Amino acid sequence: LALKSDGTVWAWGGNWAGQLGDGSHWNRKTPVQVRDISDVTAIASRHVHCLALKSDGTVWAWGGNEYGQLGDGTTTNKSTPVQVNDISEVTAVACGDEHSLVLKSDGTVWAWGANWDGQLGDGTNTNRNTPAQVNGISDIVAIAAGWSYNLALKSDGTVWAWGKNDYGQLGDGTTTNRNTPIQVSNISNV
């Protein structure tokens with residue numbers, strides 16, 4: 001996936017779930033323009049779904065949607081971009097393998113999609129096909145998503161993590177999954 005300086009998005013590679021966003025399911029060996037989207041300022045992609053942040057603060061998604069990771073209220077794959085429901089004033093986007101994560105201008109974090117490891121951070125393990133606010137964190141300035149887990153940087157320089165923790169990737173000194181954010185141990189001024 002590539003974002004050009006003119007705000008258009010281009011994609012190439014595998015396309016079995018419509019993740020190239022060109023309205024087809026054909027694999028592409030050279031870039032094709034993602035349809036029906038412009039004025040994009042940031043992009044994210046992972047596994048079989050993609051996110052685009054437009055200059056107006058809305059988020060658009062396409063590709064695989066088995067767990068609701070497109071955020072449009074369905075679990076149907078989309079081969080062209082659809083607007084994520086009930087989310088605006090977004091400043092950053094991130095894709096996990098089957099979940100999506102955004103940062104809003106008010107410093108809150110919102111997530112949707114697969115949640116079997118608590119990666120949505122809402123205190124449950126329930127999949128969601130529309131955005132839900134991550135519990136217990138505020139004043140966030142940056143986000144990152146991984147394989148069933150997430151990280152958030154607070155304005156005070158601390159890092160918070162939640163989701164899958166089988167290898168200690170949450171940095172809390174355990175291998176216990178967390179369905180709400182916990183502060184990463186022994187690190188500050190990030």
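Me: What is the order of the strands in the open sheet of 3 strands, and which sense of pairing does this sheet have?

Reply: In this predicted model, the open sheet has the order 1-2-3, and the pairing is antiparallel.

Me: What makes strand 1 and strand 3 the edge strands?

Reply: Strand 1 (2-3) and strand 3 (28-33) are the edge strands, since each pairs on one side only. Strand 2 (residues 9-13) meets strand 3 over 3 bridges in the antiparallel sense, and Ala 11 has Val 32 in strand 3 as its bridge partner.

Me: How do you know that strand 4 and strand 5 pair?

Reply: Two strands count as paired if there are at least two bridges between them, and strand 4 (residues 40-46) and strand 5 (residues 49-54) are joined over 6 bridges, so they pair, in the antiparallel sense. Arg 46 stands opposite His 49 in strand 5, and the hairpin has 2 residues between the strands, where His 47 takes a positive phi near 55°.

Me: Why is the pair of Tyr 67 and Trp 116 called edge-to-face?

Reply: The search of the whole structure finds 1 aromatic pair. The ring centres of Tyr 67 and Trp 116 are 4.8 Å apart, which is within 6.5 Å, and their planes stand at 75°, which is over 60, so the pair is edge-to-face.

Me: Why is Tyr 67 called partly exposed?

Reply: Buried means under 20% and exposed means over 50%, so Tyr 67, at 23% relative accessibility, falls in between and counts as partly exposed. Trp 116, with a relative accessible area of 37%, is partly exposed too.

Definitions and conventions. Residues numbered from 1 in each chain as written. Predicted model: local features only at pLDDT ≥ 70, side-chain atom pairs only at ≥ 80, totals over all residues. Heavy atoms only, no water. Phe/Tyr/Trp six-rings, centres within 6.5 Å; stacked < 30°, edge-to-face > 60°. Buried < 20%, exposed > 50% of the residue type's maximum accessible area, 1.4 Å probe, protein only. Helix = DSSP H or I, 4+ residues; strand = E, 2+ residues; numbered from the N terminus.
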